[in-house]
Amino acid sequence: MPRITINNITREVPEGITVFEAARETGIRVPSLCRMESFQPTGACRVCVVEVEGAKNLVASCTTPVSEGMVIKTNTKRVRDARRLAVELILSEHNGNCQTCDRNNTCELQSLAFELGIDNIGFTGEPACSRTDMSTEALIRDNAKCIKCRRCVVACNEIQTVGALFPQYRGFNTLIGPAFNYNLADVTCVQCGQCAAVCPVGAIIEVSHIERVWSALDDPSKVVVVQTAPAVRASLGECFDYPPGTLVTGKMTAALRRMGFHHVFDTNFTADLTIIEEGMELLTRIKKAFVEKQKVALPQFTSCSPGWINFMEAFYPEFLPNLSTCKSPQQMFGAVAKTYLSKKYGCRPEDMYVVSVMPCTAKKYEAARPEMNSSGVRDVDAVLTTRELGKMIKQAGIDFPLLPDEEMDKPLGVSSGAADIFANTGGVMEAALRTAFEVITGKKLPFNQMHVEAISGLEGIKETELTITGTKEEWSFLEGVTLKLVVAHGLGNARKVVDAVKSGEKEYHFVEIMTCPGGCIGGGGQPRPTTDEVRKKRIEAIYREDEGKALRQSHDNPKIKQLYGDFLGFPLGELAHKLLHTHYTEKERI
Amino acid sequence: MIDEDLKAADCSCKTDSIIDEMAAIFNENTITEGSLIPILQKAQTRLGYLPVQALRYIAARLNKSLSEVAGVVGFYSFFSTVPRGKYVIRVCLGTACYVRGGKEVLSALEKHLGITVGQTTDDRVFSLEVGRCFGACGLAPVIMINEEVYQRVKPVKVGEILAPYKMREAEMEAVK
Ligand code: SF4
Ligand code: SF4
Ligand code: SF4
Ligand code: FES
């Protein structure tokens with residue numbers, strides 16, 4: 001372990017870490033802007049410079065590894081001046097207005113300028129020209145605010161392997177974006193919002209649905225219904241300065257009521273419903289393959305992550321038949337609300353307004369898909385990100401920490417713990433196994449707390465096998481069968497899994513894919529920043545929520561049983577098929 | 001936007017021939033991970049420039065996105081996505097030429113031709129580009145028109161320099 005001296009503190013630090021990390025371990029903060037936790041540093045911004053004895057120039061601490069005997073100073077006049085200069089240069093070209101910017105108060109450039117004590121910009125640069133790209137349902141890009149840190153390029157290419165964003169042109173003319181300064185809608189973009197999640201400034205943000213939701217709430221002719229995705233309860237607290245991993249389910253429910261929503265429901269409910277439909281679909285496919293020896297599309301891929309659907313449509317259209325035909329829980333909710341519920345409430349589907357709160361930007365795109373109107377009108381009218389809900393609660397003048405804990409409404413607010421874990425990678429698979437295993441064997445999934453250890457956690461691709469024994473009569477053909485399962489999150493990992501299936505290198509029965517790293521808890525619409533540390537905390541919170549539930553398996557949800565009994569009929573039945581399932585189509589890849 | 005570009009880029013027979021040319025390049029060469037730049041060079045040599053259709057074809061064949069390919073094309077000044085004129089005027093903006101008025105020469109040319117750097121006149125006779133040192137610093141500022149070098153160029157003289165080229169073009173038109 002090398003011994004280094006940093007601001008007169010001498011100590012040993014782990015081999016191979018950077019000066020930036022060594023400073024942090026020593027309790028010294030070095031400002032940074034382009035650096036992205038757990039990714040190769042680009043050294044683009046030079047905000048993290050420090051003095052290293054013996055080096056002529058200041059060095060970027062994020063790209064410099066520590067070495068034996070290194071003497072580092074992080075707070076000299078030379079360092080302070082250089083950092084300030086770097087930020088002043090950025091600000092001199094920066095064309096934005098903090099007061100009206102989406103990132104006001106959450107902007108890394110803004111807080112850096114404050115931290116460095118910049119009270120005046122020493123030169124006037126040519127302000128970047130503004131061309132706002134509003135071509136997509138989910139995202140808005142504004143090059144005028146872009147500081148060219150390239151974090152979005154890493155997110156789009158390394159994490160997601162989509163390739164929509166790259167540096168274009170060169171020198172002063174460099175723009176970060178799609179080819180030829182095209183709009184995002186003109187190239188393949190899956191709308192995952194991971195670029196928006198890592199952007200330090202207001203250059204990529206979600207399309208806001210805040211105003212349309214306030215209008216609906218103000219409209220006396222509308223019954224306004226809200227659903228909240230499982231991942232939101234584990235992150236919304238961060239908008240109100242709670243530490244990551246704080247569960248705020250009860251306060252969130254109370255806030256939604258105070259904002260004026262008539263019925264506060266849960267996407268968890270339709271997550272349970274998804275498990276019934278998707279589980280039965282899987283078992284049907286397996287039965288066809290094993291008993292009837294038919295050719296069926298196996299492995300079955302999960303279909304609840306809309307960014308992943310977009311990815312498959314563009315990159316692997318030949319595997320579209322392998323996608324579960326189940327809509328995502330968000331869309332199942334919309335379809336059930338505007339049929340079953342509206343009938344119950346005696347209102348027409350067009351008089352009901354369905355709002356969802358999602359950790360996701362791709363859900364905005366999904367809700368606008370032409371397929372998603374099985375109630376006869378748009379099934380979901382507005383999609384708010386977790387961040388947008390945080391803003392609306394503040395706009396409503398609600399003092400969040402003072403709220404009591406409240407329960408969601410019945411029937412669509414009732415859910416099992418299996419629905420909660422839809423929020424994180426491995427959760428949909430685990431929830432499906434909890435139900436499928438009991439259906440097949442009559443017994444509970446034989447693991448501690450029914451958690452499938454091998455597919456939990458942040459490893460990018462997680463494989464496991466499950467051998468089925470003790471089957472019930474009708475499932476006896478599965479006796480002794482080993483199910484091959486894999487879970488991947490982040491589309492780069494998803495790509496590896498699909499490629500392995502395509503080449504024949506791997507065979508699976510069931511594949512769970514979530515678009516965002518960590519799953520929905522790491523979604524593109526979640527409070528910033530989302531690091532692995534934060535992901536872990538949110539996942540822990542979700543497991544706590546699951547374990548705290550009286551019901552742990554989707555098929556135990558009494559309101560699901562009631563929904564089938566009163567309305568839907570049977571899983572995969574005719575009405576279920578009409579409302580809860582869909583098909584996707586190939587898209588050109590650009 | 002892309003569709004408009006494709007349409008704008010002449011007729012579909014043109015697009016077809018571009019695709020044929022590209023397919024030929026891919027047939028004649030072994031393609032590896034690092035093939036992008038060599039393929040782009042070959043494509044530019046064949047077509048004279050790199051139209052969007054060619055880039056889309058190359059991106060698809062190399063399993064890359066159009067944004068990545070366009071990013072590479074935009075980074076290197078020797079690639080051009082617009083058809084170049086018959087005469088490519090390159091103005092040196094190396095240090096010596098720059099301090100001796102290269103920039104003023106450039107402005108004069110821009111004004112005279114009604115185009116900016118990287119553009120081509122509507123009649124496709126002249127393209128304007130910037131270069132870095134043609135090795136004639138002693139006689140700065142320097143411009144090149146195709147292979148011809150012009151030294152100690154004064155902004156007021158650019159019209160004179162271009163006149164013979166224009167004349168030649170006019171004569172050719174008349175013959176046609
Ligand atoms: S991006 Fe940041 S610095 Fe720029 S206008 Fe928005 S809040 Fe202000
Ligand atoms: S939304 Fe996703 S796919 Fe689209 S540009 Fe951003 S990171 Fe890339
Ligand atoms: S859009 Fe945002 S993340 Fe991308 S380069 Fe610009 S500032 Fe950085
Ligand atoms: S944070 Fe180190 S160069 Fe940007």
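Biologist: How do the residues of the shell around ligand 1 divide by class?

Modeller: Four are nonpolar, five polar and one charged. Nonpolar here means Ala, Val, Leu, Ile, Met, Phe, Trp, Tyr, Cys and Pro; charged means Asp, Glu, Lys and Arg; the others, Gly among them, count as polar. Keep in mind that this is a predicted model: local features need pLDDT of at least 70, side-chain atom pairs count only at pLDDT 80 or more, and totals for chains, interfaces and linings use all residues. Side-chain values use heavy atoms, with hydrogens and water left out, residues are numbered from 1 along each chain as its sequence is written, and chains are lettered from A and ligands numbered from 1 in the order in which they are written.

Biologist: Which residues are around ligand 1?

Modeller: A:H94, A:G96, A:N97, A:C98, A:C101, A:R103, A:N104, A:C107, A:V201 and A:G202. To be near, a residue needs a heavy atom within 4 Å of the molecule.

Biologist: And what surrounds ligand 2?

Modeller: Its surroundings include A:C156, A:C189, A:C192 and A:C195. A:L139, A:V162 and A:Q191 are also among them. By class, that shell has 10 nonpolar, two polar and no charged residues.

Biologist: How many residues surround ligand 3?

Modeller: 13, the closest being A:C146, A:C149, A:R150, A:C152 and A:C199. The shell has 10 nonpolar, no polar and three charged residues.

Biologist: Where does ligand 3 sit?

Modeller: In the second largest cavity. A cavity is a set of points on a 1 Å grid over the protein atoms alone, where a 1.4 Å probe fits but cannot get out. Sitting there means more than half of the ligand's atoms lie within 2 Å of the grid points.

Biologist: Switching to helix α7 of chain A, residues 249–259. Why is it largely enclosed?

Modeller: Because nine of its 11 residues are buried. Buried means under 20% relative accessible area (1.4 Å probe, protein chains only). A:K251 is one of the buried residues, and so are A:T249 and A:M259. Helices are DSSP runs of H or I, at least four residues; strands are E runs, at least two; both are numbered from the N terminus.

Biologist: What covers those buried residues?

Modeller: The cover includes α6 (210–218), β11 (223–228), β12 (263–266), α12 (386–395) and α16 (532–547) of chain A. After α7(A) comes A:G260, with a positive phi near 115°.

Biologist: Is A:H509 buried or exposed?

Modeller: Buried, with a relative accessible area of 14%. A:H509 is in the loop between α15 (491–502) and β18 (510–514) of chain A. Beyond its neighbours within four places in sequence, A:H509 contacts (heavy atoms within 4.5 Å) residues including A:F290, A:P299 and A:K484.

Biologist: Now chain B. How many helices and strands?

Modeller: Seven helices and four strands. Along the sequence they run α-α-α-α-α-β-α-β-β-β-α. The C-alpha trace spans about 50 × 40 × 30 Å along its principal axes. Of the 176 residues, 42% count as buried.

Biologist: What domains does the assignment give chain B?

Modeller: Domain 1 (2–75) and domain 2 (87–175). The bounds come from an automatic or database domain assignment. Their C-alpha centres lie 29 Å apart.

Biologist: Last one. Where does B:E169 lie?

Modeller: In helix α7 of chain B, residues 158–175. B:E169 is buried, at 15% relative accessible area. Leaving aside neighbours within four places in sequence, B:E169 is in contact with B:K86, B:Y87 and B:V125.

How values were computed:
On a 1 Å grid over the protein atoms alone, a cavity is a set of points where a 1.4 Å probe fits but cannot get out, and a pocket is an open set with protein on both sides within 12 Å along at least five of seven lines; lining residues have an atom within 4 Å of a point. Buried means under 20% relative accessible area, exposed over 50%, partly exposed in between (1.4 Å probe, protein chains only).
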